[in-house]
Structures are given as structure tokens and as C-alpha cells.
Amino acid sequence: MPRARWKSKTLELAVNKTTKQVDKSYEIYLSLYQAVSGTDEAQNIYKQFSPDFFDLIVVDECHRGSADEDSAWREILTYFSSATQVGLTATPKETKDISNSDYFGEPLYTYSLKQGIEDGYLAPYKVIRVDLDKDTFGWRPTAGMTDKHGHLIEDRIYNGTDMNRSLVLERRDAVVAERITAYLKATDRYAKTIVFCEDIDHAARMRQALSNANADICATHPKYVVQITGDNPEGKRELDNFIDPEKPYPVIATTSKLMSTGVDAQTCKLIVLDQNIKSMTLFKQIIGRGTRLREDLGKTWFTILDFKRATELFADKDFDGEPVQIYEPKGDDPIAPPEPDDPAQPVSPEFGDGQPADPLGPLDPLAGTDGANKPKKYVVGGLVTVAVARERVQYLNAQGKLITESLRDYTRINLTRRFDSLDRFLQAWSDADRKAALLAELEGQGVLIDALADEVGRDLDPFDLLLHVAWNMPPLTRRERARRARTSSVFTQYGLVARKVLDALLDKYADEGLATIEADNVLSIQPFTELGSPAELVRSFGGRPQYLGALHTWSGRCTSRIRTARRRKYSVIHS
């Protein structure tokens with residue numbers, strides 16, 4: 001049928017407000033289940049259509065009410081049973097009560113998260129696992145210990161499952177907030193971040209803890225951290241600003257369930273898990289908040305910061321997307337891994353209004369008691385300390401298995417995957433007009449330059465650093481390389497001013513690295529301004545192409561010398 005003849009409309013808008021009759025002149029209708037059905041027969045708008053009216057029905061998010069045999073919404077699908085019905089979902093459900101395959105049949109087509117990442121449609125991710133001591137080893141109150149509100153704390157061992165559900169350790173909130181803040185400070189303090197908390201009460205406390213940890217920014221930008229939960233109208237009004245790539249604030253959102261689905265957070269770069277997650281469906285939905293790829297906005301990957309061991313679900317056979325990297329710092333390692341529903345509308349509980357009923361009772365720690373004035377949550381102040389207990393580094397090997405290994409090993413694996421030989425790497429380096437662009441590309445592929453430099457602990461140029469780690473070449477510091485470059489014949493072919501520019505560039509390189517001398521404005525700063533204007537300095541080389549060529553020739557001679565040394569080494573070994 002020609003495109004001009006297709007007519008579509010939201011079903012609710014196709015209903016005449018006066019007669020309550022549906023206009024049946026359209027070919028395509030879009031609707032929510034709730035809008036066309038209800039307990040009153042008059043609300044069952046869908047029955048105004050004959051059972052064979054539709055040829056095709058597409059059900060998005062079909063793991064919800066559509067998959068539940070007892071759901072009132074199943075009646076709608078049954079009513080239109082003569083139509084071809086196609087169910088779409090990213091998180092299919094198969095339980096004793098809900099089954100997608102029981103109704104829709106075996107999947108006709110599947111496209112996994114792993115495939116989406118490998119094909120470049122979804123953002124890859126890395127995981128930081130942080131185990132806290134009281135979660136991991138448990139905590140037992142001393143005899144007769146009372147909480148912050150004077151309640152006698154039940155004598156038993158409390159562990160990670162109890163945290164923020166039956167026991168609140170206020171110092172734990174502060175430690176988690178400090179860790180999140182440390183990661184953002186080490187990477188990007190304005191990276192959009194979602195913190196998934198246990199419940200609304202926990203989300204409110206985390207908002208305050210994060211505001212305290214980021215007091216320097218919050219003093220002038222109070223919406224740097226917001227609470228976005230079902231009971232918080234002000235926070236819900238900020239949801240659109242949070243997901244809008246053009247809006248800088250809010251940066252950090254604390255939530256419980258509200259933001260786990262239906263939130264298109266395109267530029268979210270950090271997902272924080274401080275919630276007990278046992279449902280694979282919920283886990284996939286939460287992870288999905290970060291998988292949007294926006295290369296045009298610098299979003300090429302995201303990080304999962306896990307305080308609850310929830311990412312162990314990655315090992316479940318039902319989860320197909322392995323993380324790019326697992327990082328659990330140890331000792332004094334930095335928290336940052338070394339670098340490589342419309343809430344304004346009422347929504348039914350089945351669609352997730354942001355806060356399911358808490359099986360432990362009211363969310364207010366004092367709102368309700370059990371037995372002899374026993375609160376639903378004990379609140380313990382700062383007398384009980386919390387610290388990081390266990391942190392280790394794990395990466396994926398070539399077979400997709402998590403193994404414990406060093407950052408150097410991880411870099412070597414990633415770099416040799418990208419370049420199957422040293423010569424190919426040297427050629428790519430030599431051919432790159434801007435080395436910084438090549439380094440940025442490698443960072444996106446898991447070659448984490450800055451962190452690797454910290455681990456190696458020497459003042460190396462990225463070029464020497466990668467050669468040393470991946471191919472075991474003897475490293476040269478930036479100062480050593482600058483000294484050698486000064487003896488190069490490159491200097492002799494230029495006039496006095498050009499040689500002074502090259503000499504100053506080498507000083508800059510030795511002190512600050514490659515990115516500085518490749519910057520477009522490098523000739524506009526000291527000491528170059530003392531030699532002349534940028535235009536005059538470029539003319540001393542004969543023009544901008546010749547100036548850029550001088551930089552390119554210098555780095556090219558470095559790689560050619562390494563090729564020569566490598567060939568000599570090879571010939572000696574095999575002579």
C-alpha cells in the first residue's frame with residue numbers, strides 16, 4: 001500500500017470524547033493496555049473492534065502483563081487471537097507464573113547484548129567491584145547495644161543482605177559516597193551517574209551523603225546530586241534534565257526502582273549498584289541504562305560500580321554479555337579503574353512506579369514495630385566504622401573467562417589484538433597525523449594509557465610505554481627521547497627560528513608530554529610568544545604543512561630507529 005494511504009493514531013485520541021466511540025478509519029493504532037481496558041465494561045474500548053479487525057498486533061515489553069496468564073491484559077490478546085501477534089522484549093520471563101514462550105512461542109529472532117556490543121551498536125562496559133567489610137564478613141552488635149533512636153539491636157550477625165533493609169550503618173553511606181566521588185574525580189566529575197539504592201529511604205540518605213562528599217560543587221550547583229524516586233516530585237521533575245544530553249545538571253541521580261526501566265539516559269557513564277539484585281530481569285534493565293552508545297557526545301563505554309556483588313549475575317548462563325573489564329582495587333589503588341515510564345504520570349505497579357512494597361515493612365525506620373518495640377530498621381551512627389575489605393583486579397582472557405592478572409597483561413592482550421605485530425603498531429604510529437587521536441582510539445579499545453603509566457611508575461612517552469609493556473622493548477623516558485631527538489639531522493635542515501621552536505617543543509614534550517606539543521594553541525603560549533607570533537613561527541618552517549611535517553618526521557624517525565634495532569636484534573639471535 002502506498003505510504004500516503006497509511007493512517008495511524010494513538011487509540012485514546014481516536015475515541016470521540018462525546019460519544020465514546022472509536023474512529024475505525026485508521027490502519028495503525030498505538031495504545032497502552034491500561035487505556036483501553038478496565039474493571040467497568042464501558043472502559044473496555046478494545047471490544048468496539050471486531051475480534052478479526054486487526055491483522056497484526058505488536059506487543060512491546062511483552063515480558064510484563066502480556067506474559068502473565070492471570071493478567072487482565074491477556075484478555076485483550078485473547079480477544080484478538082486471530083491476528084498475528086509479535087512480542088518484543090529485552091528481558092524475557094520464564095517462571096512458573098509468567099512465561100513468554102508459553103504464549104508467544106519460541107523466539108523467532110534474538111539479538112544479544114554481547115552481539116550488540118561486538119557489532120558496535122551498544123556501549124561496552126567495565127566493572128569495579130568493591131566489597132565492604134561489614135557486608136562481606138558481617139557485623140554483630142555488642143551486648144545491649146542500642147541504635148541511634150534508642151532501640152535495642154537484635155543480637156545476630158548482619159551481612160550484606162541486611163544492609164539498608166534491616167540495618168542502616170550511616171558510616172557505610174559515607175564510605176560508598178566517598179568511593180563514588182573518588183571515581184568521578186579520577187575520571188570525569190560531570191559524567192552522568194545513576195546510583196541504585198535499596199529503597200526510597202536509602203536513596204534519600206545517599207543523596208545527602210553524595211552532596212556532602214561533593215560539597216565544593218553542590219555549594220554553587222545544588223542540583224549536582226538529586227533524588228529521583230516515586231515519592232519525590234521535585235526530583236521527578238529533574239528526570240528530563242538528567243537524561244537530556246544538553247543539560248549539565250543533575251549529574252548524579254539516586255534512585256531505587258524508578259529509573260530501572262523506561263529511562264533513556266543516553267550519556268550515562270556510571271551505574272552504581274548498592275541494591276540487592278536477585279532478579280535477572282531487573283539486573284538487565286538496570287545495566288541497560290548505560291548501554292546507549294553516543295560517540296558524538298563522547299559516550300563510547302560505561303562503568304558499573306558494584307558494592308553488592310550484583311555483577312556476579314554476569315556469570316549466570318542466562319546473561320550473555322561479558323563485561324569488558326572487571327576491576328576491584330586493592331591496597332591503596334585508586335577507585336577509578338586504570339583507563340582504557342513517564343514519572344509524571346501514574347503508572348500501575350506492574351509497570352514499575354518506582355517503589356514496590358517493601359517486604360520488611362514501612363520505609364521509615366521508626367514507622368511501625370514488630371514485637372517488643374522492634375523497628376523495621378536499626379539505624380547505627382558513626383560509632384560503627386565501615387571500610388573496604390576486599391579488592392582485586394580481574395580481566396577477561398581470550399576465552400571470555402575472568403582471570404586475575406595485572407594491568408600490564410591486560411594491556412598486552414588488548415594491544416596485540418589490535419596489532420598482530422610490532423611492525424604494524426609502528427606503522428600505525430608513524431602514519432597517524434596526530435598521535436593523540438590514535439591514543440584516544442586505543443583507550444576506547446581498552447588500552448588504558450594513564451593508569452598504565454601510574455603502574456609502571458616511570459616518566460615515559462605513551463609510545464615508549466606501550467612498546468615496553470606489550471613488546472618488552474627497553475623504555476626511554478621523555479627526557480631521554482628529547483635528548484636523542486636534539487641530535488637528529490632533522491634540526492640541521494631548518495633555520496635559526498625554526499630550530500628554536502623545535503627546541504622549545506622538545507622541552508615542552510619532556511615536561512608535559514605528547515598532547516601538549518600537538519595542541520593547536522601550543523605556539524600561543526610561553527616560551528613561543530617570545531620567539532614571535534604563531535603565524536611568524538609557522539612561516540619559519542615554510543608554512544603550516546612544513547611545520548606539521550617536522551613534528552611528524554621527528555616521531556617517524558623514532559619508530560624507524562626502533563625498527564632498525566629490532567631487525568638487528570633478530571639477526572643476532574638467529575645468526
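The crossing of helices H15 and H16 is left-handed, meaning that the near helix is turned anticlockwise from the far one by less than a right angle. The model is predicted: local features need pLDDT of at least 70, side-chain atom pairs count only at pLDDT 80 or more, and totals for chains, interfaces and linings use all residues. Residues are numbered from 1 along each chain as its sequence is written, and side-chain values use heavy atoms, with hydrogens and water left out.

**Helices H15 and H16**
- The axes of H15 (residues 449-456) and H16 (residues 462-471) come within 11 Å and cross at roughly 70°; such axes are lines fitted to C-alpha atoms, for helices over the stretch in contact, with angles from 0 to 180 degrees between N-to-C directions.
- H15 and H16 are therefore roughly perpendicular to each other, a term for angles of 65 to 115 degrees.
- Ile449, Leu452, Ala453 and Val456 of H15 meet Pro462, Leu465, Leu466, His468 and Val469 of H16, where contact means heavy atoms within 4.5 Å.
- By class, this contact of H15 with H16 has eight nonpolar residues, one polar residue and no charged residues; Ala, Val, Leu, Ile, Met, Phe, Trp, Tyr, Cys and Pro count as nonpolar, Asp, Glu, Lys and Arg as charged, and the others, Gly among them, as polar.

**The protein as a whole**
- The protein has 21 helices and 19 strands, which are DSSP runs numbered from the N terminus (helices: H or I, at least four residues; strands: E, at least two).
- Of its 575 residues, 48% count as buried (buried is under 20% relative accessible area, exposed over 50%, partly exposed in between, with a 1.4 Å probe and protein chains only).
- The accessible surface comes to about 29000 Å², and 51% of that belongs to carbon and sulfur atoms; the areas come from the Shrake-Rupley method with a 1.4 Å probe.

**Helix H11**
- Helix H11 (residues 280-287) is mostly covered, with seven of its eight residues buried.
- The buried residues are Met280, Thr281, Leu282, Phe283, Gln285, Ile286 and Ile287.
- They pack against strands E8 (192-196), E11 (268-273) and E12 (302-306).

- Threonine 255 lies in strand E10 (residues 252-255) and is buried, with a relative accessible area of 0%.
- Not counting residues up to four places away in sequence, threonine 255 touches Ile194, Val195, Phe196, Cys197, Ala203, Ile228 and Thr229.
- Glycine 87, in strand E4 (residues 84-87), counts as partly exposed at 30% relative accessibility.
- Leaving aside neighbours within four places in sequence, glycine 87 is in contact with Val59, Cys62 and Phe104.

Methods
Angles under 35 degrees count as roughly parallel, over 145 as roughly antiparallel, 65 to 115 as roughly perpendicular and the rest as oblique.
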